[in-house]
2 protein chains.
Amino acid sequence: MARKTGSHSQITGPRIRKAALKLIARHGFAAVTMRQIAAAVGVQAGALYLYTPDKQTLLFDLMRDHLEELLAAWEAEPKGDDPAEQLEAFSRFHIRFHLERPDAVFVANMELRNLEPENFVAIEDLRKRYEGVLVAILERGALHRDFTLPDSRLAAMAIIAMLSGVNTWYREGGRLSRERVERIYWNMIRRAVGA
Amino acid sequence: MARKTGSHSQITGPRIRKAALKLIARHGFAAVTMRQIAAAVGVQAGALYLYTPDKQTLLFDLMRDHLEELLAAWEAEPKGDDPAEQLEAFSRFHIRFHLERPDAVFVANMELRNLEPENFVAIEDLRKRYEGVLVAILERGALHRDFTLPDSRLAAMAIIAMLSGVNTWYREGGRLSRERVERIYWNMIRRAVGA
DNA sequence: GTCTATAGAAAGATAGAC
DNA sequence: GTCTATCTTTCTATAGAC
């Protein structure tokens with residue numbers, strides 16, 4: 001087989017990240033080898049080290065990029081003024097954004113254990129910022145008496161867990177459309193917070 | 001160091017399982033070595049193979065035992081007749097049972113990927129049986145007009161995800177007592193299903 | 001930028017002594 | 001029932017050719 005020549009750094013980099021995301025989501029970070037990732041991309045294992053200093057940094061970059069994209073996407077999301085409108089926007093946004101990139105979500109949620117301490121702190125900070133978005137919406141709603149909530153933080157954790165659960169069972173082309181899932185979840189959340 | 005003598009199979013077996021559960025919950029199945037488990041128990045790696053034929057079977061046994069215990073505990077749980085009573089019993093039971101054994105829960109939820117196909121099917125069957133318990137409660141409640149639900153299966157998935165999320169943030173001796181968490185969650189669920 | 005080849009470490013599992 | 005010792009495999013990461 002002829003050896004490939006020439007520069008592909010603009011192409012290979014993204015392909016490595018995508019293949020790594022897919023493999024790590026399927027099998028877990030510790031179970032995936034650099035050789036497997038390289039094979040999925042069509043290069044030799046050694047070539048991966050042109051794109052990442054080591055396996056740990058590859059994982060960290062995947063998780064950080066996902067969470068930064070999540071926060072940026074929420075910032076760009078159109079949302080109304082009153083708390084109920086914002087809560088609906090958040091609920092629908094969360095479901096949609098997460099269903100669009102199941103591999104990245106899975107990795108970001110499941111591989112915290114495999115981060116080295118320094119990296120763990122950085123990722124946790126990003127996760128907490130996202131939780132803070134929802135807490136702020138709920139607290140403002142409770143203040144304005146739009147919501148009836150004994151504890152905003154706890155409600156935020158409950159709502160995020162519930163919304164994130166969609167990724168574990170939703171299948172494109174299944175019994176329910178994404179729009180219908182969004183509406184049903186929003187209705188449950190709306191009632192749960194007493195809006 | 002003097003070599004230990006005598007039989008300890010009644011003691012060592014459970015200690016291996018407990019140590020494995022803890023280590024796998026912390027670091028993930030693929031990242032934990034048989035040598036680490038052995039060291040935590042205070043034996044050599046080879047001795048583990050008196051208690052399990054291989055690492056995969058150890059994982060499978062841990063997950064199966066946890067889920068069988070879960071199903072048996074629900075069977076033994078006192079629960080009323082009407083759907084709302086049963087839903088409250090289920091909600092409180094789920095939180096309590098899961099908070100009591102965080103390591104086993106974590107392993108059972110996170111290590112599905114590391115099961116070989118045959119074992120995966122067996123564990124999925126047990127998981128589905130537990131989900132079926134909640135689906136049945138919700139369907140009966142919807143039938144009797146105790147609950148207002150567009151989709152019982154979807155509501156079941158949402159409720160289980162929400163309840164399971166407690167394990168990710170609850171800390172013994174923290175801001176909220178377990179009883180208070182149970183009550184707040186039950187109130188959110190009660191309103192979400194329109195009871 | 002990618003390859004081949006390999007150094008060096010560590011894994012799962014087994015054999016045989018005690 | 002447990003130990004020590006080891007076989008065999010496989011891993012991450014690097015070196016040097018092209």
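Biologist: Why are helices H4(A) and H9(A) called oblique to each other?

Modeller: In this predicted model, the axes of H4 (residues 83-100) and H9 (residues 178-192) of chain A come within 10 Å and cross at roughly 140 degrees, the axes being lines fitted to C-alpha atoms over the stretch in contact, with angles from 0 to 180 degrees between N-to-C directions. Angles under 35 degrees count as roughly parallel, over 145 as roughly antiparallel and 65 to 115 as roughly perpendicular, with the rest oblique, and H4(A) and H9(A) are therefore oblique.

Biologist: What makes residues of H4(A) and H9(A) count as meeting?

Modeller: Contact means heavy atoms within 4.5 Å, and on that basis residues including A:Leu87, A:Ile95 and A:Leu99 in H4(A) meet residues of H9(A), among them A:Tyr185, A:Trp186 and A:Ile189. The residues of this contact divide into seven nonpolar, one polar and eight charged, where Ala, Val, Leu, Ile, Met, Phe, Trp, Tyr, Cys and Pro count as nonpolar, Asp, Glu, Lys and Arg as charged, and the others, Gly among them, as polar.

Biologist: How many helices and strands are there in chain A?

Modeller: Chain A has nine helices and zero strands, helices being DSSP runs of H or I with at least four residues and strands runs of E with at least two, numbered from the N terminus.

Terms used:
Residues numbered from 1 in each chain as written. Chains lettered and ligands numbered in written order. Predicted model: local features only at pLDDT ≥ 70, side-chain atom pairs only at ≥ 80, totals over all residues. Heavy atoms only, no water.
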